[in-house]
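The sequence and the model are shown first.

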Amino acid sequence: MKEERILIVEDELSIAENIQEILELLGYVNIDIANSANQCIKVIKKYRPDLVFMDIKLKGDKDGIELGEIVKGMVDAPLVYVTSYSDPTIIERAKRINPAGFIVKPFNTNDIHAIVEIVLYNKRTKPSTETPSPAAVADSPFLVHDAVFIKADNAFEKVPYEDLYYVEANGNMVSIFTKQREYSIRKSMKEIEDILPSSLFLRVQKSYIVNLSQIESFNTKEITLTQGAVVQVGRQYYNSFLAKLNTITES
């Protein structure tokens, strides 16, 4: 009996069960199946798999490549793509997130056996990486790590990150809402997104970036912040947002 936990992310149940049956024949007993991005994220948070099989052409808001990027940020587990497509554009997109390998449909027991044994062997023999210290996580070219300086009138004002609640797009301007005041800056949302640390701030809709530490509550459609503001969550952003938060659910 092999103890490694394997997650299969596949929206076609027959294919997912086929992979599961092969893995069970190979001696793997800790196997989970997810049929959507949302379910995948929940399983990863709960079980922390050692290996993930991911269908490239998942139905829903995110395909397997977009979901793979989220997964890589959540858990240090090799990712194997399952695909029936040989489109060079799809392969190039997938290569950018450095998957451990590809399985092409239709596959057989030998295909699954070979990829699982090689990938898990490489994982077991890979030198362990220490958890980065807070200083390493905060490493940046800037000397001040806990605040941003915003130009207002003729001076730059220091705004601690904890006091910056959210950013809203407003035409060719952005409005930055902070504890002390609101700033209007001629910047794009992409520029603001690049400036603010991704460990603290997340774009949750085309027009909104929120401070994750300021979230009071949320559902699939909106986020309520501690100071009372309510911002909308874009459907295509929700899974990335959910992956950033430590959540407890009934299931």
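Which residues of the largest nonpolar core touch the most other members?

## Nonpolar cores

The model is predicted. In the largest nonpolar core, which has 43 residues, Met 54, Leu 67, Tyr 166, Ile 223 and Phe 241 touch the most other members. Leaving out residues up to four places away in sequence, the contacts of Met 54 are Val 9, Gly 64, Leu 67, Gly 68, Val 71, Leu 79, Val 80, Tyr 81 and Val 82.

## Overall architecture

The chain contains eight helices and 15 strands. Its C-alpha trace spans about 70 × 40 × 35 Å along the principal axes. Of its 251 residues, 42% are counted as buried.

Among contacts with a separation of 6 or more, 56% are between residues 24 or more positions apart. The accessible surface amounts to about 14500 Å², and carbon and sulfur atoms contribute 49% of it.

## Helix H3 and its surroundings

Helix H3 covers residues 64-74, and its buried residues are Gly 64, Ile 65, Leu 67, Gly 68, Ile 70, Val 71 and Met 74. These buried residues pack against strands E1 (2-9), E3 (51-55) and E4 (79-83), and against helices H2 (37-47), H4 (88-95) and H8 (238-243). At the start of H3, a side-chain oxygen of Asp 63 comes within 3.1 Å of the backbone nitrogen of Ile 65.

Asp 63 also forms a salt bridge with Arg 93, in which the closest N and O atoms are 3.0 Å apart. This pair links distant parts of the chain, since Asp 63 lies in the loop between E3 and H3 while Arg 93 belongs to helix H4, 30 residues apart. Asp 63 counts as buried because its relative accessible area is 15%, below the 20% limit for that class. Arg 93, at 26% relative accessibility, is partly exposed.

Helix H8 contains Asn 239. With 7% relative accessibility, Asn 239 is classed as buried. Apart from neighbours within four places in sequence, Asn 239 is in contact with Ala 37, Asn 38, Ile 41, Lys 62 and Ile 70. Of these contacts, Ile 70 is one of the buried residues of H3.

Asn 30 is part of strand E2, residues 28-34. A polar atom of the Asn 30 side chain lies 2.9 Å from the backbone oxygen of Glu 3. Not counting residues up to four places away in sequence, Asn 30 touches Lys 2, Glu 3, Glu 4, Arg 5 and Ile 6.

A salt bridge joins Asp 32 and Arg 5, with 2.8 Å between the closest N and O atoms. Asp 32 lies in strand E2 and Arg 5 in strand E1, so this pair ties together parts 27 residues apart in sequence. Both Asp 32 and Arg 5 are buried.

## Further salt bridges

Side chains of opposite charge can pair when their charged atoms come close. The count for this model is 12 salt bridges. One of them connects Glu 117 with Lys 2, where the closest N and O atoms are 3.2 Å apart. Here too, distant parts of the chain are linked: Glu 117 is in helix H5 (residues 109-125) and Lys 2 is in strand E1, 115 residues apart. Glu 117 is partly exposed at 27% relative accessibility, and Lys 2 is partly exposed at 28%.

Salt bridges with shared partners also join Glu 10, Asp 55 and Lys 105 into one network.

## A nonpolar surface patch

Which residues form a nonpolar patch on the surface? The patch consists of Leu 143, Val 144, Phe 149 and Phe 156, which together have about 470 Å² of accessible area. Leu 143 is located in the loop between helix H6 (134-137) and strand E6 (147-152). Leu 143 counts as exposed because its relative accessible area is 84%, above the 50% limit for that class.

Key. Residues numbered from 1 in each chain as written. Predicted model: local features only at pLDDT ≥ 70, side-chain atom pairs only at ≥ 80, totals over all residues. Heavy atoms only, no water. Patch = residues over 30% accessible without salt bridge, like charges linked within 9 Å, V, L, I, M, F, W, Y side chains within 5 Å. Areas by Shrake-Rupley, 256 points an atom, 1.4 Å probe, with all protein chains shown as cover. Salt bridge = Lys/Arg side-chain N within 4 Å of Asp/Glu carboxyl O. Helix = DSSP H or I, 4+ residues; strand = E, 2+ residues; numbered from the N terminus. Buried < 20%, exposed > 50% of the residue type's maximum accessible area, 1.4 Å probe, protein only. Core = buried A, V, L, I, M, F, W, Y, C linked by side-chain atoms within 4.5 Å. Contact = heavy atoms within 4.5 Å. Polar contact = N/O pair within 3.5 Å; in protein donor to acceptor, adjacent residues only side chain to side chain.
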